[in-house]
Structure formats: structure tokens, C-alpha cells
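Reader: I am new to this structure and would like to be walked through it. Could we take it one question at a time?

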Amino acid sequence: MRVVSQGYIGICTAIFLGIGLWCLVDPAGALAPTGVVPEGRAGLVELRAMYGGLEVGMACFLAWCLGTARLRTACMAAGATIGGLGLARLTSYGMVGSETALHLLLAGVELAGGLAGLTLFGIQSDE
């Protein structure tokens, strides 16, 4: 199970890092498909901080967990974060809808990824 957990955390680390770096470099372009549009320079600063900085920070935490064999902690952190994104996205979609099916697709991927992490947390031993 250790190898599966390591693979999951490795994939999550790469995704968080990729999205984070993209949002640091081009937040308007990265977030345009979701309908998020910055309002001036202040908006760009906020998007870089919340999407870029938070995602890169999570990637660093997960990478640290891999390096210190804290797989169970990493699975909980990734699973709760990704699952929380999916749950909030799906709830919001249900409340207001969306002009695109992208949000439903993202919610499905996030909920599946979150469930995977929480399942691995439940079965990964504290080695």
C-alpha cells in the first residue's frame, strides 16, 4: 500500500505544483476557462496569492511528507483539500449553475481524488 500512497502523493504534488506555477505566471490565462477574471492589478495579485501561492505551498508540503515518510498525513491533507474543492464546487454548481460543464467535470475529478486520498489515509499504516 505504501507504493500506491507514494504514487498518489507524487501525482498530487505534481498537479498542485503545475497549477500553482501556472497561476503564478499567468493567473488570468490559467483561470479563464473557469470564469475567474481579475479586476486590475489588485485582482492579479490576489489570484497569484490564492491560486498560485496556495497551490505551490501545498505541493511543497506534500513533497516534504514524501521525503519524511509521512504518507498518512499527506493522504489526509491531499484528500481533504481536493475533496473539499470538489464538494464546494458541486454545492455551488447546484446553487447557481454554470454556463459550462467544466465545473461538473472538475467536481467529479476532485471528489474522486479526494475519496482516493481519504481511503488511502484510512488504510495506510504509520510506518
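This is a predicted model: local features need pLDDT of at least 70, side-chain atom pairs count only at pLDDT 80 or more; totals for chains, interfaces and linings use all residues.

Reader: What radius of gyration does the protein have, and does it agree or disagree with a compact globule?

Author: Along the principal axes, the C-alpha atoms fill a box of roughly 50 × 30 × 15 Å. For 127 residues, a compact globule would come out near 14 Å. The protein agrees with that, having a radius of gyration of 15 Å.

Reader: What share of the contacts with a separation of 6 or more joins residues 24 or more positions apart?

Author: Let us begin with burial: 29% of the 127 residues in the protein are buried. Turning to contacts with a separation of 6 or more, the share from residues 24 or more positions apart is 70%.

Reader: How far apart are the end C-alpha atoms of H1?

Author: Helix H1 covers residues 2-25. Its 24 residues, at 1.5 Å a residue, should span 34 Å. The model agrees, because the end C-alpha atoms of H1 are 34 Å apart.

Reader: Which helices do the buried residues of H1 pack against?

Author: The buried residues of H1 include Ser 5, Tyr 8, Cys 12 and Phe 16. Residues three or four places apart in an α-helix point the same way, because there are 3.6 residues a turn. The packing partners of the buried residues in H1 are helix H2 (27-31), helix H3 (40-67), helix H4 (71-96) and H5.

Reader: At what angle do H1 and H5 pack?

Author: H1 contributes Val 4, Ser 5 and Tyr 8 to this contact, where they meet Gly 113, Ala 116, Gly 117 and Leu 120 of H5. Those residues divide into 4 nonpolar, 3 polar and no charged. H1 passes H5 in a left-handed crossing. With their axes 11 Å apart, the two helices pack at an angle of about 145°.

Reader: Which loop holds Ala 69, and is Ala 69 buried or partly exposed?

Author: The phi of Ala 69 is near 60°, a positive value in a residue other than glycine. Ala 69 sits in the loop between H3 and H4. Its relative accessible area is 33%, so Ala 69 counts as partly exposed.

Reader: What covers the buried residues of H4?

Author: H4 has 26 residues that should span 38 Å at 1.5 Å a residue, and its end C-alpha atoms agree at 37 Å apart. Among its buried residues are Leu 71, Ala 74, Ala 78, Ile 82 and Gly 86. The cover over the buried residues of H4 includes H1, H3 and H5.

Reader: Which residue just after H4 takes a positive phi?

Author: Look at the position that follows the helix. The phi there is about 75°, and the residue is Gly 97.

Reader: Which residues does Arg 89 touch, leaving out those up to four places away in sequence?

Author: Arg 89 is found in helix H4. The relative accessible area of Arg 89 is 22%, so this residue is partly exposed. Its C-alpha atom is separated by 24 Å from that of Thr 73, 16 residues apart along the chain. Not counting residues up to four places away in sequence, Arg 89 touches His 103, Leu 106, Ala 107 and Glu 110.

Notes
Residues are numbered from 1 along each chain as its sequence is written. Side-chain values use heavy atoms; hydrogens and water are left out. Axes are lines fitted to C-alpha atoms, for helices over the stretch in contact, and angles run from 0 to 180 degrees between N-to-C directions. Helices (H or I, at least four residues) and strands (E, at least two) are DSSP runs, numbered from the N terminus. A crossing is left-handed if the near helix is turned anticlockwise from the far one by less than a right angle, and right-handed if clockwise. Contact means heavy atoms within 4.5 Å. Ala, Val, Leu, Ile, Met, Phe, Trp, Tyr, Cys and Pro count as nonpolar, Asp, Glu, Lys and Arg as charged, and the others, Gly among them, as polar. The expected span of a helix is 1.5 Å times one less than its number of residues. Buried means under 20% relative accessible area, exposed over 50%, partly exposed in between (1.4 Å probe, protein chains only). The radius of gyration is taken over C-alpha atoms; the globule rule is 2.2 Å times the number of residues to the power 0.38.
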